[in-house]
Amino acid sequence: MQLKIGVIKGDGIGPEIVAEAIKVLRRIEQVYNHNITYESLLLGGASIDACGVPLTEETVFQAKKCDGVLMGSIGGDPNSSAWYQLEPDRRPEAGLLKMRKELNLFANLRPAFLYPALKNACPLREEIANQGFDMMIVRELTGGLYFGKRSTEVINGVLTAKDELIYQENEIRRIAIRAFEIARKRRGKVCSVDKVNVLDSSRLWRKIVTEVHSDYLDVVLEHMLVDNCAMQLVKNPADFDVILTENMFGDILSDEASMITGSIGMLPSASLNESKFGLYEPSGGSAPDIAGLGIANPIATILSAAMMLRYTFDLEQEAAAIETAITEVLKAGYRTIDIMSEEKIQVNTVQMGDEICKRIEKTYRMER
């Protein structure tokens, strides 16, 4: 199969973890007889340094010519990086928001799965961790508070900031359909999260989600307030299958879910449009404090590459091979420092990638 992947190395640890994901993809290419080409793209701080802006029109144009894009984390330390002395619309994250809008990446998928081998790294009580959990957070990505008008001005002598939160019914409908379709392929349960007791946008959200559910009566729908959901994620995470929510709530809840897996370095992410095109990235930040030390966990980025194989290229066997390899590596006791525990084997970023690659070949031979 001929595949073209855009590659955004990102900032901080981004280039290190992306390199390992590319290494794993190259092993998939060799073992499963595919032909993958890679197009280097700039976004975020690296683009500011090279081009003066966080995202150029050329990058958007080139990204659209790819089948999918693999991205490392972007940004830096807001307290020390020169990038954050710039106007907000010229900072690294502004480039990512613009990319999502330009490519119409409205559906963000963030799986959170507790590997049995990492139960000891889970910060929850032992009896909760022993139950395990496997959830998919489906976050609307191109509407809501992050894309509304904003301003800071003096009104009646008082400095006043305003942020506008807008959702249209068609935006809610399409993300709800995506969530119900995903739930049909999982355990058949959607928990729609809102703040219906306060926000008009949430009242519309709940109305449209309920309407969409009428076409998916084989899927169980539950509505939950966002504050309760945040509590239940640490109290009963095994109860969740698919969590459907709007942009800002999804941003917060997915980070919470990542931490109960043991490390944010374990959580991949896919941002999809209405076709099969997607941008795939780890959910964690660029961690500038450990950049260049070779200790970053590349698993989230490698899992993001596996999601690309599954959702953009329909290569289920290849995606499963990567996921199985990661499970086997963790079962064998290999750990980067963020998930390290007693009597385990500590490895660096490159070594973790190498161990995963070895087991991909093993999985392939077992399939044959």
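Helices here are DSSP runs of H or I with at least four residues, numbered from the N terminus, and their axes are lines fitted to C-alpha atoms over the stretch in contact, with angles running from 0 to 180 degrees between N-to-C directions. This is a predicted model, in which local features need pLDDT of at least 70 and side-chain atom pairs count only at pLDDT 80 or more, while totals for chains, interfaces and linings use all residues. Residues are numbered from 1 along each chain as its sequence is written, and side-chain values use heavy atoms, leaving out hydrogens and water.

**View A. Helix α6 crosses helix α7.** Here α6 (residues 169-184) and α7 (residues 200-213) cross at roughly 45°, and their axes come within 9 Å. The two helices are therefore oblique to each other (angles under 35 degrees count as roughly parallel, over 145 as roughly antiparallel, 65 to 115 as roughly perpendicular and the rest as oblique).

**View B. Residues where α6 meets α7.** On the α6 side, look for Ile172, Ile175 and Phe180, among others; α7 brings residues including Leu204, Trp205 and His213. Contact means heavy atoms within 4.5 Å. By class, this contact has 10 nonpolar, 1 polar and 3 charged residues (Ala, Val, Leu, Ile, Met, Phe, Trp, Tyr, Cys and Pro count as nonpolar, Asp, Glu, Lys and Arg as charged, and the others, Gly among them, as polar).

**View C. Helix α10 packs with helix α11.** The axes of α10 (residues 299-311) and α11 (residues 316-331) lie 7 Å apart, at an angle of about 160°. That makes α10 roughly antiparallel to α11.
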